Amino acid sequence: MLIGLVYSLLAIGLTLIWGVMNVLNFAHGDFLMIGMFLSYWLYALAGVDPLFSIPINAVALFLLGMFIYRFIISKVMKGPALAQLVVTFGISIFLSNLAALIWTPDFRSIGHTLLSGTWDISGVKLSIPKLVTSIGSVLTSLGIFWFLRNTRTGKAILAVEMDREAALMIGINAERINSLSFGIGSALTGVAGAMLATYYYIYPFVGGTFGLICFCIVALGGFGSIEGAFIAGILVGVVETLGGYLFDPSYKLAIVFAMYLFTVWIRPQGLRGW
Amino acid sequence: MRSITGKQMAAGGAVLALFILLPLVSSPFGQHVMILTFLFAICGVAWNVMGGYAGMFSFGQAAFFGIGAYTSSFLLLTFQVSPWIGLVAGGFISSLLAAAIGYPCSNLPGHYFAIASIAFAEIVRIVFTNWQMVGAAEGLTIPMLKESLAHFMFHSSKLPYYYIVLGFLLLAVAVCYWVSTSKMGYYFRAIKESHEIAQVLGVDVVRYRLYAIMISAFLTSMAGTFYAQYILYIDPDSVMILPISVQIVLVAMLGGAGTVLGPVVGSAVLVPLSEYSRAWLGYKGTGMDMIIYGTLITLISMYRPEGVWGAITNLMRRGK
Amino acid sequence: MSDSLLLDVQGVSKYFGGLQANEDVSFQVKKGEIVSIIGPNGAGKSTLFSCVTGFHRVDKGRVLFKGQDITNRKPHAIVRLGIVRTFQIVQVISDMTVLENVMTGGFLRRTRVEDVRRKAEEVLAFSGLIEKRSYNALELTIADKKRLEVSMALAMEPELLMLDESMAGLTPVELRRIIELIRKVRATAVTVVVEHVMEAVMELSDRVIVLNSGRKIVEGTPKEVVANPEVKRAYLGERYNAVGQ
């Protein structure tokens, strides 16, 4: 259930990218994977606790995001819509298989960290890593909210999201905002990756499912709506877990997808404006 | 679309002759690659009807491919129904399902529609993975019957399979060509431009979108049945997965979305490339072939998004 | 009387959220007339068109065409009955030639491709675009695109043609050409025109209807309407009162 908060964080990143430049980043989940691996290797090779890898991941993925925007995505922005959809598929396949090549497809996990173990509260066992992840996700999300509302750059990003034409007219540099947004969106996956690495299995193809779920969340929250993504993420987390209890766990994903379909049929704009 | 000129007929005839003769001089693996090429070409042509022409970018075609494969196989295994009848049955089921899903999705703008198609296909895959009646994750194995056309099964050589799938491809191309030069084709392209302008022109947008989706689903399903009869084993992970849907889109995009023969060219480039690279590089389990594949997709999207068919027709025009 | 009455709009009202776009608008159009609907920006002209042609649902009122109630019918059904509209921002199909664009309209009434092609060529000759029939639609100038739009409409053999601001942004020569085209069209179909270009309105219209803030305020011949002080006030705003008194 708490996984929903991580979903929220990821979805905020994805919806930011979508809202600003209309790109569906199918590689979002694979960025998460890279974040997770980065934390893993920092832990395995340098003994860095995943908690401390959060800022490192954020910076690394931020740079990766900006790099990919600058050298790949920006080139297809003027092309046909189909190309924009497909190019991120290409990046996704490239990244996940490159990871499999370099790091082998094996599953890995991080054993003992600063904050691990379980907390026993009157019989209810809470996993500390999951708890920390949830709190961390909420804090980061709040941080992003604050950033977008209260800093100059953040407000510029919101402006472009709301009305690109108008923003251009008042002199906002759209290209810079684009690459910044892609960077920030990716940085968020780095943060999420660092935290997830403390309790989730780490392997090259972990990004696939996360990515797909993220899309459903973004659509549910309303493409481009940060608050919507946050709420929808929690919602999907709850539905997924409930679905796992009520029905067969293997249907969890199908339920999320069905939720997406019903939402866009009944209320295409998602939670936006509710 | 203008009517075909004499020169184009000659060129087409030459290519067809090439296709007919090529397998006779190829190794079984080469024949296999060509069969897969034609299979994806059929799916690409089918995708084009709804995507290239009517503007509905589906990333979930694998669902229909799989349903086609499963329908004919299930009917064969359980009721001894001929695969040829199973092929038609699968086509109908796929079309109806496509219409059922397509109807509520009628007004979804491009990106929402794309994700909806993925969501739908994934639901289908998950359902089939858990559905005991069709074998769940273990899938279905098609029983070995005596080799014959009626049984849609051949053991001694791949050649009959080759010519059958080539026949299917010609059928798909004929359907696509007919659609593109008829009222439906014009209406599809109006819909692609904008729903508003289509309505102004008197087009019943919902109905014509359904036509596009149903035709596309039927043809894709047909390819699925062929696959089942050819490989003789199907499971959700081999016929219903997202990578298959993506490859279908790529084939159409690389060749030229919105053209009749584009996907054939796209498939002729993409499928041998991925099959041969998997044979040479993939067996080591390194995934190098997929890295190349991913790079290729990215590069194509960046530098040649409109596909190569346009370039080829230009060449033909200049050369003659 | 009812024979020559083509369009009968009765008390149409349309709200968007809190905004009243059309309020109790009624008017009639007879066969063979050219009627202009004018008014300042935001008066509700385009909304009225959309209500008549099925693009918006009306909240109150009825629309009758040749005696038949067509209120809230689907756009394509209304087109089939004989009402065709164009849009303020000219829309053509971009990956088709001029001829193909017109053919798409022609498929409404004919089925054989050859028949449709012939009709399309007829229409293009009529509207003066026949020389450019193989051009891609996007290559045309704005003026030619507007003529193409009218051609597409004509291929659908409408009885009532509703042109939404077809003359905005044209040079005097282009304007003249479109005016001539509309005159030619009148012989075969009725035209209702929404226009800001007063020159065209004065020249073409048999009758003019003036909308302001969603309501019909004046109706009459062009001369009558132009002389009406209410109309002046609508266009120039309340300032006129203060200044002119």
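Which residue in β7(C) is the bridge partner of Val84(C)? The partner is Leu161(C). The structure is a predicted model, in which local features need pLDDT of at least 70, side-chain atom pairs count only at pLDDT 80 or more, and totals for chains, interfaces and linings use all residues. Residues are numbered from 1 along each chain as its sequence is written, while chains are lettered from A and ligands numbered from 1 in the order in which they are written.

Val84(C) and Leu161(C) belong to a pairing between β6(C) and β7(C) (residues 160-164), which is parallel and comprises three bridges. Strands are DSSP runs of E with at least two residues, helices are runs of H or I with at least four, and both are numbered from the N terminus; two strands pair if DSSP finds at least two bridges between them. The two strands are part of an open, six-stranded sheet of chain C with mixed pairing and the order β6-β7-β8-β3-β9-β10. Because β6 (83-85) and β10 (215-220) of chain C are the edge strands and have a single partner strand each, one side of each lacks a neighbour in the sheet. On average, neighbouring strands are turned by 20 degrees against each other, direction ignored.

Chain C also meets chain B, in a contact that takes 20 residues from chain C and 18 residues from chain B. Residues are in contact if their C-beta atoms, placed from the backbone, lie within 7 Å. On the chain C side, α2 (75-81) and α3 (98-106) each supply at least two residues. This side has 10 nonpolar, six polar and four charged residues, where Ala, Val, Leu, Ile, Met, Phe, Trp, Tyr, Cys and Pro count as nonpolar, Asp, Glu, Lys and Arg as charged, and the others, Gly among them, as polar.

Between chains B and A, 36 residues of chain B contact 37 residues of chain A. Helices α5 (110-130), α11 (242-255) and α13 (288-303) of chain B each contribute at least two residues to the chain B side, and α5(B) gives the largest share, 14 residues. By class, that side holds 25 nonpolar, nine polar and two charged residues.

Within chain B, α11(B) packs against α2(B) (residues 28-53) at an angle of about 75 degrees, with the axes 8 Å apart. Axes are lines fitted to C-alpha atoms, for helices over the stretch in contact, and angles run from 0 to 180 degrees between N-to-C directions. The two helices are therefore roughly perpendicular (65 to 115 degrees). Their contact includes Phe40(B) and Trp47(B) from α2(B), and Ile248(B) and Val251(B) from α11(B).

Methods:
Two residues are in contact if their C-beta atoms, placed from the backbone, lie within 7 Å. Angles under 35 degrees count as roughly parallel, over 145 as roughly antiparallel, 65 to 115 as roughly perpendicular and the rest as oblique.
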